[in-house]
Structure formats: structure tokens, C-alpha cells
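Colleague: I have a structure here that I would like to go through with you. Could you show it first?
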Amino acid sequence: MNEIRSRKQLKFFIKADYMMNRGRFSPSLKMRLMNLICPDYVMKYLQVLRKVNYYSNTVGIFNKIAELYYRLQHRRLGQKIGFSIGPNVFGYGLVVPHWGTIVVGNSNRIGNYCVLHTSTCISDNGKIIGDGLYVSTGVKITAPLKLGNGVSIAANSVVTKSFEQNNLLLVGMPAEKKRDSYQVWYERDGEEYLNKVKEVEDLKIKMGL
């Protein structure tokens with residue numbers, strides 16, 4: 001589910017993103033106070049991204065005014081931290097570890113629990129990519145293509161064709177399959193991340209989504 005069509009879904013997407021990036025569903029009081037001094041621009045951007053998605057799927061004059069407001073915020077924050085990410089692209093649990101240039105076209109559709117590192121580009125031509133994508137620093141994904149679930153792409157690789165199998169490691173310029181049966185990133189990178197995914201999936205059930 002990439003399109004957010006209800007306030008319940010909006011709340012869930014924001015909480016899922018926060019858990020995957022900050023290890024909790026919402027900021028603590030200490031984190032809120034720190035944000036007054038040193039704003040968490042990555043999380044602010046992700047929240048605005050989700051709100052643009054939601055309000056673009058609503059009707060009514062007040063919702064359209066809200067959509068315009070959040071689109072302006074989306075652009076302003078993106079210019080500040082170097083992100084240009086389409087609001088309707090990603091499923092829930094999007095992870096962005098650092099500031100830095102990230103460009104993702106809005107016609108792409110990418111699943112849940114994606115990781116985007118810096119200096120990456122996923123060009124705007126309708127790619128279909130599954131859950132658990134891991135995009136290392138410097139990766140470029142060009143051409144209209146399809147990738148399966150649990151695909152990891154090594155640093156500075158350029159993906160120019162489809163790889164529809166699941167759990168692959170892609171490497172090179174142009175990228176080729178390096179390993180089969182490669183663990184999805186949140187299983188590979190430690191129990192901490194697997195626990196976060198479990199928390200998000202439990203919340204999804206609890207919220208009836």
C-alpha cells in the first residue's frame with residue numbers, strides 16, 4: 001500500500017517511518033525539546049512526504065489547501081537537505097540514515113522497508129520494486145525495470161535492467177547478480193532492525209490495517 005487514503009493510514013505510515021529510523025513510534029519529550037534547538041529535518045521531511053501523499057488523495061477545499069501547504073513544505077525541506085523524493089513512491093517504514101542528495105521520481109512504486117543512502121538516484125520512469133530494497137551510497141537505478149523483494153545494491157552500482165528474483169545482491173556498472181539467497185537487510189544487519197520490523201507489523205495489526 002503506497003497511497004495513503006485515510007487518517008488512520010497516515011498515522012500508521014508516520015509511526016512506521018519513525019520506528020524504523022529512530023527506534024520508537026513517536027519522539028520522547030527529550031527528543032521534542034532537542035528538536036526545538038536542533039530540528040530533526042530527516043523525520044520532518046518524511047512526515048511531510050506522507051502528508052502530501054494523504055492530502056493528494058482527498059477532496060474538499062480545505063484538504064486541497066492543506067495539500068498545497070505540505071507540497072510547499074516538501075519542496076522547502078527538500079532543498080534544505082538535498083532530497084527530491086516523490087510522495088507516492090514508497091510503502092511504510094522508509095529508512096533514510098543521512099542527509100545528502102537523494103532523487104526518486106514519483107512515477108516509481110517501491111515497497112515497504114526501503115533504505116536510501118546518500119548520493120542515490122532512482123529515475124522517474126515507472127519502476128516496480130518490491131519490499132526490503134537496500135540502496136547503498138552512490139547507487140543509480142535507471143530505465144523502467146522491475147526488482148523483486150529483498151534486493152540489496154552495492155555502493156556505486158548502476159542498475160539498468162530487471163532482476164525479478166527475491167533476495168539478491170547486485171553489484172557493478174552495469175549491475176549484475178553477485179549472490180542469490182542474500183538476506184534482506186533488516187535480517188542481515190542485526191536483531192535491532194528485525195525487532196523494529198516486528199513492532200511495525202504488530203502495530204499494523206493492532207490498528208486494523
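Colleague: What is the bridge partner of Val-115 in strand 7?

Modeller: In strand 7, that partner is Tyr-134. Strands here are DSSP runs of E of at least two residues, while helices are runs of H or I of at least four residues, both numbered from the N terminus. Please note that this is a predicted model, in which local features need pLDDT of at least 70 and side-chain atom pairs count only at pLDDT 80 or more, while totals for chains, interfaces and linings use all residues. Residues are numbered from 1 along each chain as its sequence is written, and side-chain values use heavy atoms, with hydrogens and water left out.

Colleague: In which sense do strand 4 and strand 7 pair?

Modeller: Strand 4 and strand 7 (residues 134-135) pair in the parallel sense over 2 bridges; pairing requires that DSSP finds at least two bridges between two strands. Both belong to an open sheet of 5 strands with mixed pairing, in the order 4-7-10-12-13.

Colleague: Which strands stand at the edges, and why is one side of each left without a neighbour?

Modeller: Strand 4 (115-116) and strand 13 (175-179) do; each has a single partner strand, so one side of each has no neighbour in the sheet.

Colleague: Changing topic, how many residues has the largest nonpolar core?

Modeller: That core has 61 residues, and Leu-116 and Leu-147 have the most contacts inside it. Helix 3 (residues 41-56) gives the most to this core, with 10 residues. A nonpolar core is a set of buried Ala, Val, Leu, Ile, Met, Phe, Trp, Tyr and Cys residues joined through side-chain atoms within 4.5 Å. Buried means under 20% relative accessible area, exposed over 50%, and partly exposed in between (1.4 Å probe, protein chains only).

Colleague: And how many salt bridges does the structure hold?

Modeller: There are 10 salt bridges, each a side-chain nitrogen of Lys or Arg within 4 Å of a carboxyl oxygen of Asp or Glu. One of them joins the side chains of Arg-50 and Asp-17 (2.7 Å, N to O). This pair links distant parts of the chain, with Arg-50 in helix 3 and Asp-17 in helix 1, 33 residues apart.

Colleague: Are Arg-50 and Asp-17 buried or exposed?

Modeller: Both Arg-50 and Asp-17 are buried.

Colleague: Where do Arg-71 and Glu-67 lie?

Modeller: Both are in helix 4 (residues 61-81), 4 residues apart, about one turn of the helix. Arg-71 forms a salt bridge with Glu-67, the closest N and O atoms being 2.9 Å apart. Glu-67 is buried, with a relative accessible area of 12%, whereas Arg-71 counts as partly exposed because its relative accessibility is 37%.
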